[in-house]
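Please keep the sequence and the model in view while reading.

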Amino acid sequence: MHVLSPTTILLVYTITSVFAKGGGGGGGGRVGGSGGGSSGSIRAPVGGGGSFSQPRTGPSSQAGQNLPAGSHGFTKGGYGNYGGTAPQYASTKQTYTNYPSTYTGGYGAGSRSGWVGAYNPGLLYWAVFPSFLYLGYHSTYHRYNQVTGAYYAPALITQSNGPSNLLINGTEYTSNKDNYHYTFNISTSNVYPMVDHAYYASSDPRAHPSDFVYRLTFSHIVEFDDANQNGLFDVGQDRILAISSLQNAAWQPLLLSNNTVPTNSSQTYLQITTSATIPYNSTGAPFNVQLIWRASNLQLNQSAPIPLQPNSLQYDFSVAGYPSTTSRLALAQVLTTLPGNTILLDVNATTPIDIANQIKTNQTYGLSVGNFSEGRVEYQNTVNISDPTSTTAWINLNPSNISAQSSILPMDWIWGTTVPANSVSQLLFVSIPYTIDTSSSTVPLAINSTLPTDPTTLSNRITGTVSGWGFLDTDVMNAADSGATKGQTNMMSLSSTLIIATAAMSVLMSF
């Protein structure tokens, strides 16, 4: 792994900063930088009054950064361009105009929504980048730091539609320019357990279909050998040894709780739990799986294996009592999104090892959904993410088939008339870190387990957990909608974006 000199680091930082988010270096994105610290001349207190900047147009300078002519400023400290035509998210806002007002004061004991932090004009809290220029964890999520960040914590409302379906809605309508809502649709009755992550360009809860959406389906637990011990499933080289399907499992009713952070009574998060018993390799001895989802409108660092972020749904997927093995275990997931959206992994089979290692120094990493990383699917940095899509010999792992089975119905409230056959689907194998219990004690099982509890039966069994989240970049999408409705098209060209990206990449790859 190459070590960049201070001069090189400064040069790369300068190149990216001309065009990037402010308040610290970009964090380990596809150009391979590692997470940097955020600092500014003002330490913003928690509970600001929402005095965020109004849109401005370049050229301008903030925090010593010369922003290119043609770049565009948005509320909440956002600045950048769309590298061409901005996405159009105006349909639901123009049609559904019953906008419910949301709280416009600071987040605190009197309200569990509102402004967090205070806007520092010396920092840029977010910016618009094409997905191939995604700069990593720090550059995306430092805006939610409650000391130096500044953001609006949307009001969270849950809606239960029976024991197997629950909605979490986050809403903001603090001005005509900040007007949207998002929905996390959690279901265990769509053949497989799945979540829709949907953004609507209107705070009106009646709005449909969504303007941006992706679905994350939990489909199988896959056991495979790892011929070269690289932790990844290499198509054509590694063999699948067992496939345990989550299809039509008997899931326990979704259990919703509102939890308080033990160290801070003013911080809360929602938690949804379920579990099921799964036969090993479809016909073998049963083992238990558990899903826990968590959502908060704050960044919380000690409530889950990985931090909770606003506008995201975090989850833990756990196995207990899985038969002992020395092979690799992976959670098979299918990511489905609307036609025209790109799906781009941070690390893939062609990523140089040193760059991949740099990217994985971030607290989480994963993949972008949408042409401007409107969605992010992230995982803890200790897991490996494989793209086994070309594993066509296994029909039950075909991502199009799994998407079709997960029942996106005609005129679905979220998806509209889009059907799975016309959607973009990506199969993922996400490694499950595990331990083997060789003692005579029982393996700890998930809630309401139906597994036998005889210690001799459960010895030499596996327990393991993988954690991740699905994120919606509401700032980027809301800015696109605001820009579109006002006819603001004075954006920097894609060619300028490519020049900056090529320069930064050339510097990195020369070392």
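## A buried aromatic pair

Trp 115 and Tyr 152 are both buried, a word that here stands for under 20% relative accessible area, with exposed meaning over 50% and partly exposed the range in between (1.4 Å probe, protein chains only). This is a predicted model, in which local features need pLDDT of at least 70 and side-chain atom pairs count only at pLDDT 80 or more, while totals for chains, interfaces and linings use all residues. Residues are numbered from 1 along each chain as its sequence is written, and side-chain values use heavy atoms, without hydrogens and water.

## A second pair and its cluster

Tyr 141 and Phe 471 form an edge-to-face aromatic pair, with 5.1 Å from centre to centre and 75° between the planes; rings of Phe, Tyr and Trp (its six-membered ring) pair if their centres lie within 6.5 Å, and planes under 30 degrees apart count as stacked, over 60 as edge-to-face and the rest as tilted. Because Tyr 141 lies in helix α3 (residues 137–141) and Phe 471 in strand β24 (residues 461–472), the pair ties together parts that are 330 residues apart in sequence; helices (H or I, at least four residues) and strands (E, at least two) are DSSP runs, numbered from the N terminus.

Both Tyr 141 and Phe 471 are buried, and they belong to one aromatic cluster together with Tyr 137, Tyr 144, Tyr 151 and Trp 469.

## Backbone details

The peptide bond from His 208 to Pro 209 is cis, with omega near -10°, and Pro 209 is found in the loop between β10 (192–200) and β11 (212–224).
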